[in-house]
Amino acid sequence: MPHFEDMINDEEKNLILGGTLYLVATPIGNLSDLTARAVKVLKEADVIAAEDTRNTQKLLSMLDIHGKELISYYEHNKRARGEVLAEKLESGLSVALVTDAGTPAISDPGEDIVRLCEERGIPVTAVPGPCAAINALSLSALATGRFAFEGFLTTNMGERKKRLSEIAREKRTMIFYEAPHKLKATLSDLLSTFGDRRITLCREMTKRNEEILRTTLEKAVTLYETVAPRGEYVLVLEGEDALPEESKPKEDTWYASLSHEEHVLAYESRGISRMDAIKAAAKDLGVAKSVLYKELQAK
Ligand code: SAM
């Protein structure tokens, strides 16, 4: 860790280098979180690549930056635009990449162009700043020493189930991004996968209505049965290692490789009623039987 006196001072450093891609982090809700260096790089870069040019144009106007070449770079044009940007970089221009909010390449466009630059030997540097995942982790009051970033869970039901079963025994603290209209479904999927455990819901961080709710999965599911989710969320979920010994799922349980439906069917095949089978499976999984019942009904 450098001491302050060892840190680079902008006055001493040629700030912006031609032929370099700058990944510029922007605020996730509070304009004051834009760093002085981010402003300088945006001012001096030859080209600005933006996820949403209209959104970035507003930011540039607020910063009194005018006449920049703005190129859109987002999920659905990133292949072709990546080539365009690489050519500009190879011709010696400096390019600043910004997304709508936070750190480029973190659940945002950027990952591919960094790889493309690496392949072509184009220098890339980052202008660090806000990142919702790290902001939430630091506020979570959960273990921060080791963590796993999961980003958005896919909405494709098959893939989602597969991913959740892959991480069901994750020992580290987990971080998920979620949109408000998908929050309820995600909380209930998390509960049926992980059982009840601690979760911190970080809503609208750095904004006027910031809310940090440190609760449990069961309580969060119950809360959002009556409260409508609003704004942007990061969910920080306790890993298995943090659970008390008696709450940890046993290794190699007979149902470990079964889907929840197959798990219930296995009990039914022993001659017990559907409701008793759901009750028994819910007990194995450490989830409320109503959650499992709803999940199976939704199929
Ligand atoms: N690259 C960004 C970063 O560094 O955090 C993340 C972009 S991702 C497309 C947007 C998601 O980040 C949102 O759906 C939400 O889960 C999370 N997010 C962004 N800003 C947030 C905020 N102010 N409060 C809570 N979550 C936020």
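Is Ser94 buried or exposed? Select Ser94 in this predicted model: the residue is buried, with a relative accessible area of 3%. Ser94 lies in the loop between α3 (78–90) and β4. Next, display what surrounds Ser94. Leaving aside its neighbours within four places in sequence, Ser94 is in contact with Ile16, Leu17, Gly18, Gly19, Thr20 and Tyr22, and also with Glu44, Ala45, Asp46 and Val47.

Asp64 has a positive phi of about 65°, although Asp64 is not a glycine. The relative accessibility of Asp64 is 57%, so Asp64 counts as exposed, the cut-off being over 50%.

Then select Ala105, in the loop between β4 (95–98) and α4 (111–120). Ala105 is likewise not a glycine, and its phi is positive, at about 80°. With a relative accessibility of 24%, Ala105 counts as partly exposed.

**The α6 and α7 pair**

Select residues 157–167 for helix α6 and residues 183–194 for helix α7. Two packed helices are described by the angle between their axes and the distance between the axes. Here the axes of α6 and α7 come within 10 Å and cross at roughly 45°. The two helices are therefore oblique to each other. The crossing of α6 and α7 is right-handed.

Which residues of α6 and α7 meet? Show the side chains of Arg160, Leu164 and Ile167 in α6; these meet Ala185, Thr186, Asp189, Leu190, Thr193 and Phe194 in α7. By class, this contact of α6 with α7 comprises five nonpolar, two polar and two charged residues.

**The cysteines**

Finally, turn to the cysteine residues. A disulfide is a covalent bond between the sulfur atoms of two cysteines. How many disulfides does a search of the whole structure find? The search finds zero.

Select Cys131 and Cys202 together to inspect one of the separations. The closest cysteine sulfur to that of Cys131 is in Cys202, at 12 Å, which is too far for a bond. A disulfide would require the two sulfur atoms to be within 2.5 Å. Cys131 has a relative accessibility of 14% and so counts as buried. As a last stop, select Cys117, which is also buried, with a relative accessible area of 0%.

Key
Residues are numbered from 1 along each chain as its sequence is written. This is a predicted model: local features need pLDDT of at least 70, side-chain atom pairs count only at pLDDT 80 or more; totals for chains, interfaces and linings use all residues. Side-chain values use heavy atoms; hydrogens and water are left out. Axes are lines fitted to C-alpha atoms, for helices over the stretch in contact, and angles run from 0 to 180 degrees between N-to-C directions. Helices (H or I, at least four residues) and strands (E, at least two) are DSSP runs, numbered from the N terminus. Angles under 35 degrees count as roughly parallel, over 145 as roughly antiparallel, 65 to 115 as roughly perpendicular and the rest as oblique. A crossing is left-handed if the near helix is turned anticlockwise from the far one by less than a right angle, and right-handed if clockwise. Contact means heavy atoms within 4.5 Å. Ala, Val, Leu, Ile, Met, Phe, Trp, Tyr, Cys and Pro count as nonpolar, Asp, Glu, Lys and Arg as charged, and the others, Gly among them, as polar. Buried means under 20% relative accessible area, exposed over 50%, partly exposed in between (1.4 Å probe, protein chains only).
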